[in-house]
Amino acid sequence: MKTDEIKALNNQCIINTYGDRKLAIVRGEGTKLWDAEGREYVDFFAGIAVTNLGHCHPEVTEAVCRQARTLVHVSNLYYIEPQVELAGILCKNSFADKWFFCNGGAEANEAAFKISRRYWVQKGQPKPGIISANQSFHGRTFATITATGQPKYRQGFEPLLPGIVYVEFNDIAELESLITPEVGAVILEPIQGEGGVRVPSDNYLKHVRDLCTRKNVLLIFDEVQTGLGRTGKLFAHQHYGITPDIMTLAKGLGNGVPIGAMGCTNEVSSGFGPGSHACTFGGNPLSSAAAVATMKVLTRPGFIETAAKTGDHFFTRLHKLAKKHAQIVEVRGKGLMVGIEMKDPVAPIIGRMLDAGVICGPAGPNVLRFLPPLIVAVAEVDRVVDILDAILGEAS
Ligand SMILES: *Cc1c(COP(=O)(O)O)cnc(C)c1O
């Protein structure tokens, strides 16, 4: 089908939650994408931090094909070999002792909220309250739009989940004042993604950890976007020398094959027992095999370190660009999670980048966001920065 035909059928048969789009992407390889007319693009968004290894990574593709010929699905009424292999790899490479698998980020956060509430009930001291940050993003289910500290995602969906309050990100004093005896968990993205690529101030997360420990509150890190090498470490919290009690993953975990995960300490894992939570597709053979292959590549010595260096180069070039163009308010992020706050809305810039063959996206109205695959070459970064430089030059 040509783009026009795809668009027409879309508009006829698909509920309009995504609005008008310019492209239909039909093929990908590494950092490259092609549209229905065969035009090539360089991908600096990775399907929103999903295809971290690049499109159709040969090892993931091979694992998916092999698994598809062997066993695509079996329920969690049986042990699932690729699922336990994946859990073993995640345990070996993180603070977490135990895992629960699901289909995506919102479901992983739902599991995190459910296990924290039930953990305190099991301990005989129910405290259902959850604190979340303003400008956060945690998903689109009822619990997760409630936890998302941006009113636009909640409008029209009330009544919401009771028991969730919001704190200003980076304000440790406000957090302390909000931790009442009813509060059982705090959820934060180590670096806020959708809310504008907001980086924690020095020692903030360490102070949050200390506070949660002191007040006996569970700390949940939503690493759905920041995890899996995106920020230059396997998990973003590893930059800050602390660990949460619960961590959620999704986006990059299967390099495009849908899978989510919630990991926690042995202590917290007691919150769930047989029958307390479940997911039909959670950790099924196909998605787990994709995630095992993805994790094997991500944890290969030097893989994430190389991406981190490419990210450093990207930031060095962008900081120079910020000195040159007055439209740039601030360059933020870590590793290959890059946000550029502009004075004006970024939609026109994203459109012009696309015209120049570069796919990138927003993080809120005024923040331009780059999330290239971690395999991106320094030369590709240079080319994209040069294109952005030219576009900003024309605009001024
Ligand atoms: C994308 C995202 C989610 C939601 O993930 P879905 O798979 O779309 O449900 C949750 N938290 C963060 C930080 C995200 O970036």
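Reply: Let's start at the ligand. A backbone N or O atom of A106 lies 2.7 Å from an oxygen atom of the ligand. Keep in mind that this is a predicted model.

Me: What about G105, how far is its backbone from a ligand oxygen?
Reply: The distance is 2.8 Å, from a backbone N or O atom of G105 to an oxygen atom of the ligand.

Me: How much of the ligand's accessible area does the protein cover?
Reply: The protein covers 79%. On its own, the ligand has 380 Å² of accessible area.

Me: Which residues are around the ligand?
Reply: Going up the chain, they are G104, G105, A106, N109, F137, H138, G139, E189, D222, V224, Q225 and K251.

Me: How does that shell split by class?
Reply: Six residues are polar, three are nonpolar and three are charged.

Me: Which helix gives the largest share of the shell?
Reply: Helix 5, residues 105-122. Three residues of the shell come from helix 5.

Me: New topic: helix packing. At what angle do helix 3 and helix 10 cross?
Reply: Roughly 155°. Helix 3 covers residues 58-70 and helix 10 covers residues 285-298. Their axes come within 8 Å.

Me: So are they roughly parallel or antiparallel?
Reply: Roughly antiparallel. The cut-off for that label is an angle over 145 degrees.

Me: Is the crossing left-handed or right-handed?
Reply: Helix 3 passes helix 10 in a right-handed crossing.

Me: What angle does helix 4 make with helix 10?
Reply: About 30°, with the axes 8 Å apart. Helix 4 spans residues 81-92. That angle makes helix 4 roughly parallel to helix 10.

Me: And the handedness there, left or right?
Reply: Left-handed, as helix 4 passes helix 10.

Me: Switching to the backbone. Is the peptide bond from E158 to P159 cis or trans?
Reply: The bond from E158 to P159 is cis, and its omega is near 0°.

Me: Where does P159 sit?
Reply: In the loop between helix 6 (142-147) and strand 6 (164-167).

Me: Last one. What is the phi of N216?
Reply: Positive, about 60°, although N216 is not a glycine.

Me: Where is N216 placed?
Reply: In another loop, running between helix 8 (204-215) and strand 8 (218-222).

Terms used
Residues numbered from 1 in each chain as written. Predicted model: local features only at pLDDT ≥ 70, side-chain atom pairs only at ≥ 80, totals over all residues. Heavy atoms only, no water. Near = heavy atom within 4 Å. Polar contact = N/O pair within 3.5 Å; in protein donor to acceptor, adjacent residues only side chain to side chain. Areas by Shrake-Rupley, 256 points an atom, 1.4 Å probe, with all protein chains shown as cover. Helix = DSSP H or I, 4+ residues; strand = E, 2+ residues; numbered from the N terminus. Nonpolar A, V, L, I, M, F, W, Y, C, P; charged D, E, K, R; others polar. Axes fitted to C-alpha atoms, helices over the stretch in contact; angles between N-to-C directions. Parallel < 35°, antiparallel > 145°, perpendicular 65-115°, else oblique. Left-handed = near helix turned anticlockwise from the far one by under 90°.
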